[in-house]
Amino acid sequence: MRKPDPFLTALICAVLLATVLPCKGNATLILEYVTDACIMVMFFMQGIKLERRAILDNMRNWKLQGLVLACTFLLFPLLGVTLHALAPNLLDSTIWLGVLFLCCLPSTVQSSIALTSLANGNVAASICAATLSNIAGIFITPVLVSIVLHTKGVWSAQAIVAIAVQLLLPFVAGQLFQPILHKWAHRNKKIISITDRSSILLVVYTAFSHAVVEGIWSKIDFQSIVVLAAIDVGLLLLVLMITLLLGKAAGFLPRDEISLILCGSKKSLASGVPMANVLFPASIAGFIILPLILYHQIQLFLCTLIARYYHTKHSSDA
């Protein structure tokens with residue numbers, strides 16, 4: 001039996017720690033500054049690691065890249081709005097906001113690339129698609145959140161600047177320093193991975209500390225968690241099925257089809273948590289990211305099974 005993913009276990013522990021020992025008072029303010037710095041370092045490292053040539057070369061595959069962006073920023077919001085319209089009373093209104101926020105987020109980078117590689121898909125195309133999705137998400141996500149959630153003040157110059165400073169500028173800086181630091185980053189992949197994951201855990205702990213202080217667990221019972229998990233699973237399965245059909249209809253080669261499925265169905269925890277902290281008041285940010293935390297674990301589990309299926313199929317066909 002395979003051991004649980006250490007990061008997923010740590011993610012659950014961060015939520016439990018925030019529940020039992022939430023950060024309060026002046027310590028919260030200090031922790032927020034630390035988490036902002038950690039997120040900036042994480043995206044700086046992303047900029048160092050991602051090869052510009054792979055991104056530029058695969059931008060020519062406009063059909064694949066366009067479909068990934070369409071699934072990420074059109075299909076997901078449409079499905080989220082439809083599910084909410086069909087069953088608005090299934091969840092607390094704030095948790096529904098979290099589900100809709102999840103639908104507006106960009107795709108993941110690291111897991112999309114890793115799983116595409118495992119599935120013998122088009123890794124270079126996945127690198128390009130995931131990177132474009134995250135860069136576009138800095139500008140598109142606040143607009144979508146404003147439209148889909150009917151949240152005033154989200155689509156503002158201040159919000160865009162705050163997200164750009166925290167996510168885009170460090171990424172661009174990493175790209176600029178890539179010729180100097182790329183070899184160092186390649187030699188220290190494990191250290192960078194630990195830094196990335198620690199940053200996410202710290203942000204999750206901070207956000208959930210706010211939510212616990214605001215009484216999240218008195219407003220959400222076990223039944224609501226089960227319903228939320230079912231909605232996340234249903235949303236993911238719908239997108240997986242639609243991306244598979246789109247890949248077939250577009251006549252993609254198996255490698256490109258894999259890239260579409262595994263990039264078009266993902267949502268980024270690394271981008272989503274800091275965006276939630278910028279776009280929403282601290283009092284509800286923990287509520288907002290709860291659907292994303294659950295979805296993150298579900299997508300890794302199901303997409304890993306899919307990647308293994310494609311890997312086995314490719315091995316047997318070879």
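Me: I am looking at L269; which residues does L269 touch, not counting residues up to four places away in sequence?

Reply: L269 touches F7, L11, I200, P274, L292, I293 and H296, leaving out residues up to four places away in sequence. Contact here means heavy atoms within 4.5 Å. Before we go on, this is a predicted model, where local features need pLDDT of at least 70, side-chain atom pairs count only at pLDDT 80 or more, and totals for chains, interfaces and linings use all residues. Residues are numbered from 1 along each chain as its sequence is written, and side-chain values use heavy atoms, with hydrogens and water left out.

Me: How do I read a nonpolar core, and which residues touch the most other members of the largest one?

Reply: In soluble globular proteins, nonpolar side chains tend to be buried together. A nonpolar core is a set of buried Ala, Val, Leu, Ile, Met, Phe, Trp, Tyr and Cys residues joined through side-chain atoms within 4.5 Å. Buried means under 20% relative accessible area, exposed over 50%, and partly exposed in between (1.4 Å probe, protein chains only). In this model the largest core has 87 residues, and L91, F101, V204, F208, L269, F280 and I293 touch the most other members. Helix α15 gives the most to this core, with 13 residues. Helices (H or I, at least four residues) and strands (E, at least two) are DSSP runs, numbered from the N terminus. Apart from this core lies another, of six residues, including L50, I127, A130 and F171.

Me: How do I read an aromatic pair, and how many are there in the whole structure?

Reply: A pair of aromatic rings is described by the distance of the centres and the angle of the planes. Rings of Phe, Tyr and Trp (its six-membered ring) pair if their centres lie within 6.5 Å; planes under 30 degrees apart count as stacked, over 60 as edge-to-face and the rest as tilted. The search finds four pairs. One of them joins F101 and F280 edge-to-face, at 5.4 Å centre to centre and 90° between the planes. F101 lies in helix α5 (residues 93–103) and F280 in the loop between α14 (269–279) and α15 (282–317), 179 residues apart. Both F101 and F280 are buried.

Me: Is α5 mostly covered or mostly uncovered?

Reply: Helix α5 is mostly covered, with eight of its 11 residues buried. Those buried include I95, W96 and F101.

Me: And where does S133 sit?

Reply: S133 is in helix α7 (residues 123–148). S133 counts as buried because its relative accessible area is 0%.
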